[in-house]
Amino acid sequence: MQDLSLLKYETIFHWIAVLLYISSSILFMYGLTFKKEKGLNSGWIVSLSGLIPHSIALGIRWFVQGHGPYMIKYEVLSSNAWICIVMFLVISRKISRLKAAGGIVVAVSFIAMTAGLFTNPDIKMLPPSLRSIWLLIHVLFNKLATASLLIAFSASVLYLLKEGKGEAQLFSLSTYMLDLYNYRFAGIGFFFWTITIIAGAIWANQSWGRYWGWDPVETWSLVTWLLLGFYLHMRVFYRWSGRKAAWAMVLCFSVSVLTIFIIPMVVESLHTQYFQ
Amino acid sequence: MKKIATLLIIVITILCLAGAFIPQASDKSPQFIERWKRTYPLSYSVLHFLQLDRVFSSYLFVVSIFLLFLVLSYFLYLQIKLLFKSSMKVSLKKTCFSLNGFKSVRLDGKTEVAHIANFFRDKGYRTVAMEGNRILFARHGIGKFGTLIFHAGILLVILGALYYAGFHKRGFVQLIKGDTFSGRGDDFLVKDLGLFRRNFDIDYQVRLVDFKHEYWGTGELKNLSSTIITANQEDRFKKWVIVPNAPLNYRGISIYQSFNYGYTLSFLLKKPSGEEVLCHFSLDISPHVNKPMRGVSDYPLTAYIFDMEFYPDKDRSSFYLKKPMLKLSIMEGNERKFEGVMEPGSEMEFEGGRLKFLEIRNWSGLIFTLSPGKYFFYTGFILIIAGAFFIYFLPASEIICVLEAEDGRRILYLKGLTKRYHALFNEEMEGLIKELAGRFS
Ligand code: HEM
């Protein structure tokens, strides 16, 4: 473990990032509400500039504690927010019209980071069970799954908003495309979630000598995966789209949040070890 | 089949939710179950009758998984049958060919089929078939196999799980430093056997020669290691070190370092009759350095109950044996026979006999497993990941082109087909048409 006094800089950078993300969310909301492309572009640039102090804050913590930010609530929330914002920025750079999703992605991310500020930020060292490459894969893909599902969720919420207001209102992205992005990112999220579960099973076998133990978080993770599978089937089997699909995605995302953040806090689980 | 598949996914999801909400006998203590029975007898008996207090081994769950397996097998059979029949290839050969639903673009009169093929090749499309002026292009052909590969992976994992459920063996021992585990199934402290297994005997013995537990400065566990010697029937001795996440595989059995460990307190009780009873109490290490390790247990062959509170270091600053101290209370029925502090090596008069606190040793938890189905699991995992990747990252698409001559110009008719992301594909088609018009006009 390195010099703990460095952590005070982490807090400063963390706060700067939160403030920039708040500003970025406001700009995105303005762009969405008043159909101003400029608002969306400025929101995108401000969130990119928020990513710099955010990365420095996470880097400092990583350096000081000697392991990645995946042990305590404070760092789990912050690193999840980081991955969500990175994924959003990369994707919306390629698919410019997805900038509209920034209003929700960045807002949810800064809410997660702010929630982290109310938790204990004290460093927790890695227990031996968590020193495995499979843990890294498991955690990384879970964060990527969260980010993809958050984008799908944002597309669904925007769909519902736009459908309520009428196609000509609010932002320019059509409901047709929003439905497509809901599907696209739900599929990508499903893929990442699949790897999360598989890496977790391989790691459990390496650590405890069994692939699956019906630990509460394991069970909830399977429920999330099955729910996503159900939703994707419905799209193919019964041509679910539009409003129905948007609500289904909102449900899938809510269950994934429950699995990742809420269940480890309320029940005794192997996963509580790294979400304390 | 769509309905059955949907229903099965819903039933399995609901059963998993039941397992998440209803306390499961496998993870609760017998005392908890007893309390539940007493406090809510009706809810307990209904849930117990429906096997919802052990959902994951209930008939309903096992039957649902088995049905999933059957339905998936049938689905895969149908998919394989259908797989190589490409409706487009067939339609390309038709003599009367309808251009209904095709988009068209006017091109330069010198445009040849080969130019079109080159154009699409540059865009990542492969020429699948060519019949005169008709060409079929395809991209991400592997994407078509995505669902088949993905579901085949699920099928293999289920097969592996069924095989595992029938034939696995798992046993836990608390091995005291210097002691030997006989390898006999009956000597495991806890055993978990597959449906078709009767016992778990190992053809070698295991002796714990050393055990280390290390901590970070913050008091959290840093590492564990057990040094063991295995001895088999041919009297071959081998020394091994087992650490977490790196099981030892020896003679078909994997041995894992468990995260359960602690100290064993040994006593010798000399009864007034002169009979001596030796006993070892293995206590779990406490999660915090300032908290004692606790244990309440019968003393064998006597009516005494030992209630122990043990500190490896009475200054409460270390998990190691620095200044060990035991707070001991001995009961016989409701009567307290002794209460006081003992140190290792100390001896005292007790009920007309003598009680000696002999020694303190480390114990280490070792898990022995035989996990069949590995190849099913890993092949299944690879197929599931590959299949999901093909489905969502490489969506298959096909474009059929017909090049016709008209008034000295050429007209290219195009029609695209894809299963996923139609809006994006339509946009791509429009882009291609624009580019074709620009390049060949
Ligand atoms: C009862 C067994 C099952 C049957 C019969 C079944 C059948 C099908 C069928 C017919 C398709 C559409 C294939 C196509 O048109 O390309 C499909 C797609 C799919 N299935 Fe299943 N399935 C089963 C179980 C599962 C399970 C347990 C999962 C995982 C949760 C799952 C996940 C998927 C996914 C992700 C897709 C692709 C959906 C898409 O195109 O976006 N399936 N399944």
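Modeller: One term before we start: helices (H or I, at least four residues) and strands (E, at least two) are DSSP runs, numbered from the N terminus.
Colleague: Fine. What are the ground rules?
Modeller: This is a predicted model: local features need pLDDT of at least 70, side-chain atom pairs count only at pLDDT 80 or more, and totals for chains, interfaces and linings use all residues. Residues are numbered from 1 along each chain as its sequence is written, chains are lettered from A and ligands numbered from 1 in the order in which they are written, and side-chain values use heavy atoms, with hydrogens and water left out.
Colleague: Which residues make up the nonpolar patch on the surface?
Modeller: Tyr59(B), Val63(B), Phe66(B), Leu67(B), Leu70(B) and Leu162(B). Together they have about 570 Å² of accessible area. Areas come from the Shrake-Rupley method with a 1.4 Å probe, and for residues only the protein chains shown count as cover. Patches take residues with over 30% relative accessible area and no salt bridge; like charges are joined within 9 Å, nonpolar side chains (Val, Leu, Ile, Met, Phe, Trp, Tyr) within 5 Å.
Colleague: Which helix gives the largest share?
Modeller: Helix α4 of chain B, residues 59-83, with five residues. Phe66(B) lies in that helix.
Colleague: Why does Phe66(B) count as partly exposed?
Modeller: Because its relative accessibility is 42%. Buried means under 20% relative accessible area, exposed over 50%, and partly exposed in between (1.4 Å probe, protein chains only).
Colleague: Switching to the interface. How many residues of chain A and chain B are in contact?
Modeller: 48 residues of chain A touch 52 residues of chain B. Contact means heavy atoms within 4.5 Å. The two chains bury about 4500 Å² between them, 70% of it on carbon and sulfur atoms. Buried area is the accessible area (1.4 Å probe) that two parts lose on being put together, summed over both.
Colleague: And how many residue pairs are in polar contact there?
Modeller: The count between chain A and chain B is 13 residue pairs, both residues at pLDDT 80 or more. On the chain A side, the elements giving two or more residues are α6 (175-208) and α7 (216-237). α6(A) gives the most, with 21 residues. A polar contact is a pair of N or O atoms within 3.5 Å; within protein, one must be able to donate a hydrogen and the other to accept it, and residues adjacent in sequence count only if both atoms are side-chain atoms.
Colleague: How many salt bridges cross between the chains?
Modeller: The rule finds one across the interface of chain A and chain B. Arg97(A) pairs with Glu427(B), the closest N and O atoms being 2.8 Å apart. The rule asks for a side-chain nitrogen of Lys or Arg within 4 Å of a carboxyl oxygen of Asp or Glu.
Colleague: What's the count over all chains?
Modeller: 30 salt bridges. As for the one above, Arg97(A) lies in the loop between α3 (73-94) and α4 (102-117) of chain A and Glu427(B) in helix α9 (residues 422-439) of chain B, so the pair joins two chains. Arg97(A) is partly exposed at 30% relative accessibility. Glu427(B) is partly exposed too, at 35%.
Colleague: What does Glu163(A) pair with?
Modeller: Arg243(A), with the closest N and O atoms 2.7 Å apart. Glu163(A) sits in helix α5 (residues 133-165) of chain A and Arg243(A) in helix α8 (residues 242-266), so the pair ties together parts 80 residues apart in sequence.
Colleague: Back to α7 of chain A. Is Ser221(A) buried or exposed?
Modeller: Buried, at 12% relative accessibility. Ser221(A) is in helix α7 of chain A. Leaving aside neighbours within four places in sequence, Ser221(A) contacts Trp193(A), Ile197(A) and Thr259(A).
Colleague: Where is Trp214(A)?
Modeller: In the loop between α6 and α7 of chain A. Trp214(A) has a positive phi of about 50° although it is not a glycine.
Colleague: Last one. Where is Leu355(B) found?
Modeller: In strand β18 (residues 353-370) of chain B. Leu355(B) counts as buried, at 0% relative accessibility. Leaving aside neighbours within four places in sequence, its contacts include Phe267(B), Leu328(B) and Met342(B).
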